[in-house]
Amino acid sequence: MIQRKKEKILITGGRGFIGTNFLRYIFSQADFSGSVVNLDKMTYAANPSSWQPLVSDKYLMVEGDICDQKLVEDLFAKHQFDCVIHFAAESHVDRSIHGPAEFVDSNVRGIMTLLEACRKFWKPDGQNLFVHMSTDEVFGPTPEGVLFDEQACYAPRNPYAATKAAADHLVAAYFHTYQLPVIIANSTNNYGAFQHPEKLIPLMLLNMLQQKELPLYGDGKHERDWIFVEDACAAIWKLVQRGKVGERYNIGTGKTCKNIELVETLCEMVAAQTQQDVSVYKNLIRFISERKGHDRRYALNSSKIQVETSWNPTHSFMQGLEKTVAWYLANQDWLKLSQNQDYQLWLNKNY
Ligand code: DAU
């Protein structure tokens with residue numbers, strides 16, 4: 001089995017949800033002794049500035065845009081990265097439905113800038129690695145009873161998914177055309193600490209705490225394959241160390257849950273932790289009009305990463321959810337801070 005060692009890592013979007021968790025993860029790993037530069041634009045989705053998730057003399061935060069070619073090239077020249085782990089992206093499907101342009105900028109033009117910098121600064125000696133964090137949404141809806149593997153056809157059906165598919169194709173093209181050493185990770189829905197309260201789980205928790213309605217699109221029976229973010233971070237780290245260059249890997253659990261079942265479970269967990277009757281929360285559930293282009297089901301087969309890197313998720317859905325609910329209840333200030341002005345304006349305009 002390959003065992004790569006990466007010492008000078010550029011992480012993009014390290015103040016976002018998965019990036020924040022990933023930074024905390026690698027700095028807690030005994031087999032990482034290197035340094036990290038985190039390039040993050042600090043958009044509405046970034047962890048609030050007053051919240052310092054990581055302090056280390058081997059960590060440098062740079063506020064800036066991955067589309068800024070000069071900045072990206074200056075960072076490559078100065079830090080001589082041997083690895084890029086690319087998390088930065090516009091990621092919220094609802095936002096992409098209301099305004100796709102920003103998604104094309106960050107998710108397509110942004111990755112181009114990074115790939116071009118790698119091509120310019122990296123020698124073709126196989127010493128470097130570009131890992132691209134992508135999504136299961138690029139494959140479109142998974143039929144009932146099926147788990148998509150890495151051979152699934154691309155069929156993105158909302159603007160967000162389309163920009164991630166474009167990014168995946170660019171990454172694959174740079175491998176085939178320029179032999180750039182790349183790995184693509186297609187992940188299912190992550191959940192856990194530090195997720196922006198525009199996404200289902202933190203939004204439901206925040207609304208429960210504020211006694212606001214819990215809006216579920218359509219009949220609430222859409223299914224997602226949920227992976228605890230710490231398990232997803234462990235998978236990415238395994239790919240950095242052991243993934244095969246030029247390959248794509250799915251990251252998920254292969255088990256799905258309907259949105260309504262998930263929200264009812266959250267109501268039960270919050271009721272237990274706040275010593276309230278569960279009906280206080282369940283009565284807040286409202287079925288609202290369907291999200292445009294809403295895919296019914298996503299589910300991935302992740303046996304390739306399991307076999308090739310010996311990664312396995314270590315949290316069951318219930319264990320991950322318990323930890324997640326406990327984290328948000330203990331960090332209600334974080335939830336409220338993350339609900340910044342931009343988000344409020346957006347919500348008022350679009351709901
Ligand atoms: O599948 C991976 C993808 O998961 C990631 O690539 C995306 O970046 C991430 O945003 C997520 O996309 P989803 O659209 O699945 O996540 P979201 O949390 O927005 O919604 C999860 C499900 O819950 C989906 O079926 C829509 C539904 N939903 C969501 C919200 C925010 C509701 O019914 N009501 C809501 O208010």
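Visitor: Is His 98 buried, partly exposed or exposed?
Guide: A word on the model before the answer: this is a predicted model, where local features need pLDDT of at least 70, side-chain atom pairs count only at pLDDT 80 or more, and totals for chains, interfaces and linings use all residues. Residues are numbered from 1 along each chain as its sequence is written, and side-chain values use heavy atoms, with hydrogens and water left out. Buried means under 20% relative accessible area, exposed over 50%, and partly exposed in between (1.4 Å probe, protein chains only). With a relative accessible area of 47%, His 98 is therefore partly exposed.

Visitor: How far apart in space are His 98 and Val 278?
Guide: In sequence, 180 residues separate His 98 and Val 278. In space, C-alpha to C-alpha, the distance between His 98 and Val 278 is 34 Å.

Visitor: And how far apart in space are Arg 286 and Pro 215?
Guide: Arg 286 sits in strand β13 (residues 285-288) and is partly exposed at 32% relative accessibility. Arg 286 and Pro 215 are 71 residues apart in sequence, yet from C-alpha to C-alpha their distance in space is 5.0 Å.

Visitor: Let us turn to the ligand. Which residues come nearest to the ligand?
Guide: A residue is near a molecule if one of its heavy atoms lies within 4 Å of it. There are 24 residues around the ligand, and those that come nearest are Asp 136, Tyr 160, Asn 189, Arg 291 and His 294.

Visitor: How much of the ligand does the protein bury?
Guide: Start with the polar contacts, which are pairs of N or O atoms within 3.5 Å. A polar side-chain atom of Asn 259 is 2.9 Å from an oxygen atom of the ligand, and a polar backbone atom of Tyr 217 is 2.8 Å from a ligand oxygen. Accessible areas come from the Shrake-Rupley method with a 1.4 Å probe. Taken alone, the ligand exposes 680 Å², and the share of that buried by the protein is 95%.

Visitor: Which element gives the largest share of the shell around the ligand?
Guide: The elements that give two or more residues to this shell are α6 (200-209) and β8 (214-217). The largest share, 3 residues, comes from β8.

Visitor: Why is strand β6 largely enclosed by the rest of the structure?
Guide: In a regular strand the side chains alternate between the two faces of the sheet. Val 182, Ile 184 and Asn 186 point one way from β6, Ile 183, Ala 185 and Ser 187 point the other way, and all are buried. Strand β6 (residues 182-187) is largely enclosed because the number of its 6 residues that are buried is 6.

Visitor: How many bridges join β6 to strand β11?
Guide: Two strands pair if DSSP finds at least two bridges between them. Strand β5 (residues 129-135) pairs with β6 in the parallel sense over 6 bridges, and Thr 135 has Ser 187 as its bridge partner in β6. On β11 (residues 248-251), Asn 250 stands opposite Asn 186 and Arg 248 stands opposite Ile 184. Strands β6 and β11 run parallel, and the number of bridges joining them is 4.

Visitor: How many residues of helix α1 are buried?
Guide: Helix α1 covers residues 17-26 and is mostly covered. Its buried residues include Phe 17, Phe 22 and Tyr 25. Of the 10 residues of α1, the number buried is 9.

Visitor: One last stop: where is Gln 211 found?
Guide: Gln 211 is a residue other than glycine with a positive phi, near 55°. Its relative accessible area is 44%, so Gln 211 is partly exposed. The place of Gln 211 is the loop between α6 and β8.

Terms used. Polar contact = N/O pair within 3.5 Å; in protein donor to acceptor, adjacent residues only side chain to side chain.
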